[in-house]
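Please examine the sequence and the structure shown below. The paragraphs that follow lead through them step by step.

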Amino acid sequence: MEQPKPNWKEYVEQTAKLMNLDHTGEYLPEVTNNFVAIANIASLVMEFELPEDTEIAPIFEP
Amino acid sequence: MSQQYQDATELAAQIRSGKISAQSVIEATLKDIHNRNPELNCFTAITAERALAQAKQIDNKVAVGNDPGLLAGVPFGVKNLFDIAGITTIAGSAINREYPPAQQDATAITKLCQAGAILVGALNMDEYAYGFVTENSHYGATPNPYDSTRISGGSSGGSAAAVSAKLVPFTLGSDTNGSVRVPSALCGVYGLKPTYGRLSRKGAFLLSSSLDHVGAFTNSVRDLVKLFAVLQGYDPQDPVSTKKPPESNFSVLGNDITDLRIAVADGYFAEGSTPEVKEAVANVAKTLNVTKSIAIPQSHRARAAAYIITAVEGANLHLEKLQSRPQDFDPATRDRFLAGALIPASWYAQAQKFRSWYRRQVQEIFQQVDIILAPTTPCVAPKLGQETMTIAGVEMLVRPNLGRFTQPLSFIGLPVLSIPIKESNRLPLGVQIIAAPYQELSILRIADFLAAQDIK
């Protein structure tokens, strides 16, 4: 069964509240447009199957 | 009227020999900037007092027979995200104007000044380096010196245009996803982005630390070689600075290049560009006698992953300001930063993992070839304010797509040089010369060979 598409407008509104960005309401339509674009771009990364042992390569020297 | 010298190398030689004084060069440069910058809009700050004082020091050294440095008396500018002692680092923003002046120069500026080069000012850019167009709502657009109705590209647009217009012989910029290479191509100059970590970023205002590089713009290959020689070196104050020894074997430039295995990138890099772009790559390949082509797998996903990493790290860097004063951002960057602040953590982590995977694929390719050729931009400079463009029958947004061919390469920190392709009656384009990490010398050898064949 196909997954229902996320409601990105609602996601953006709720996450903006979570991130203390909810006072930026006037920008939300454009932010939502940008987020939808990002979600489409991210799908190219998320749908690609990586080997389980793939690690991030951070530079951290304790 | 730009000054009459070919490049930094020639100018430094004239100053070192005492044929002309550094002071006269700097005075003429400052006058030229004063006269032409209102139209070109490259410089956002001029450091006249400091420049004249340093010129005097250079002339004194020449007068008493001391070595004034490899770049003696050569004026240069830097993207306005580099710290300049005594000046506030604005990074293309209005918000950072409120910050106190920088206390010291960025490492890259310090190294250049130690070599005798003279800083004359700071250059326009997209706000916080988040763009490919240099149409800045606070400081105006930097028009293309070849056609003032078109963009210079970005985000280091002021840096590229200043060299193209010959206001100064070289400049510094930064490159996260293509911000040195895109404007260098559109303005018809050389734009070098060495390997990630090769040049210190200390004192440069970052956008996305995972991807940020320092780079340089010039009008000649020999200038690039000198700048690369001067700018290298481990800097403990930049956490990603490499401890690998600096490249120094520049004597091989000019030698035969038949030992270098070269291929043209096909697949993703052969699609989505105009016929003139394809022709530019084909001409370079023909000059180098290249017949081999090679595919870099999943480059469209590499571009996507770079996009996610930049959006998350950029938004995180500016989160407090996005929360407290979003109205003070450039509208062109604000909405993208705000959207980036809302990205789920797993998307970011997966993009970083993909980076490791993609690096391994490209490492394997560099077992088979030494140099890869690819276009720099998908088209010539678009018009100022242009929002969409049509390439191969497909309409697309200008701003994100100018970095289509640069983004997958900086994603894994490869050294890349965009060489200018200038033909009469045509706007300039660029071709990327790409090598394995730390193989900048191979790139410079190819560029030197091409320049000798009049490909520049």
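In this predicted model, helices α9(B) and α12(B) pack with their axes 9 Å apart, at an angle of about 135°. Angles over 145 degrees would count as roughly antiparallel, and α9(B) and α12(B) are therefore oblique to each other. Their crossing is left-handed. From α9(B), the residues in contact are B:Arg301, B:Ala302, B:Ala305, B:Ile308, B:Ile309 and B:Val312, while α12(B) contributes B:Trp347, B:Tyr348, B:Ala351, B:Gln352, B:Phe354, B:Arg355 and B:Tyr358. Classified by side chain, this contact of α9(B) with α12(B) comprises ten nonpolar, one polar and two charged residues.

Helix α9(B) also takes part in a packing across the two chains. Helix α2 of chain A, residues 28-46, packs against α9 of chain B, residues 299-317, with the axes 8 Å apart and an angle of about 125° between them. That angle makes α2(A) oblique to α9(B), and α2(A) passes α9(B) in a left-handed crossing. On the side of α2(A), the contact is formed by A:Ile38, A:Ile41, A:Ala42, A:Leu44 and A:Val45; on the side of α9(B), it is formed by B:His300, B:Arg301, B:Ala304, B:Ala305, B:Tyr307, B:Ile308 and B:Ala311. Ten nonpolar residues, one polar and one charged make up this contact of α2(A) with α9(B).

The contact between the two chains as a whole involves 25 residues from chain A and 31 residues from chain B. On the side of chain B that touches chain A, the elements giving two or more residues are α9, α10 (319-324), α11 (331-340) and α12 (345-368). Among these, α12(B) gives the most, with ten residues. The residues on this side of chain B divide into 19 nonpolar, six polar and six charged.

Within chain B, the next subject is the division into domains. Domain 1 covers 8-251 and domain 2 covers 262-452. Their centres, taken over C-alpha atoms, are separated by 22 Å. The contact between them draws 54 residues from domain 1 of chain B and 52 residues from domain 2 of chain B. On the side of domain 1 that touches domain 2, two or more residues come from each of β4 (135-136), β6 (143-144), β7 (147-151), α6 (181-187), β9 (190-193) and α7 (221-231) of chain B. Helix α6(B) gives the most to this side, with six residues. By class, this side of domain 1 has 26 nonpolar, 19 polar and nine charged residues.

Chain B also contains an open sheet of eleven strands with mixed pairing, in the order β1-β3-β2-β8-β10-β9-β16-β17-β13-β11-β12. Strands β1 (43-46) and β12 (293-294) of chain B stand at the edges, each with a single partner strand, so one side of each is left without a neighbour in the sheet. Strand β2(B), residues 75-79, pairs with β8(B), residues 170-175, in the parallel sense over three bridges. In this pairing B:Phe76 stands opposite B:Phe170 of β8(B). Helix α3 of chain B, residues 48-64, lies across β1, β2 and β3 (118-123) of chain B and runs at about 160° to β3(B).

Strands β14(B), residues 388-391, and β15(B), residues 394-397, run antiparallel and are joined by four bridges. B:Thr388 stands opposite B:Leu397 in β15(B). Two residues lie between the strands of the hairpin, in which B:Ala392 takes a positive phi near 50°.

How values were computed. Residues are numbered from 1 along each chain as its sequence is written. Chains are lettered from A and ligands numbered from 1 in the order in which they are written. This is a predicted model: local features need pLDDT of at least 70, side-chain atom pairs count only at pLDDT 80 or more; totals for chains, interfaces and linings use all residues. Axes are lines fitted to C-alpha atoms, for helices over the stretch in contact, and angles run from 0 to 180 degrees between N-to-C directions. Angles under 35 degrees count as roughly parallel, over 145 as roughly antiparallel, 65 to 115 as roughly perpendicular and the rest as oblique. A crossing is left-handed if the near helix is turned anticlockwise from the far one by less than a right angle, and right-handed if clockwise. Two residues are in contact if their C-beta atoms, placed from the backbone, lie within 7 Å. Ala, Val, Leu, Ile, Met, Phe, Trp, Tyr, Cys and Pro count as nonpolar, Asp, Glu, Lys and Arg as charged, and the others, Gly among them, as polar. Domain bounds come from an automatic or database domain assignment. Two strands pair if DSSP finds at least two bridges between them.
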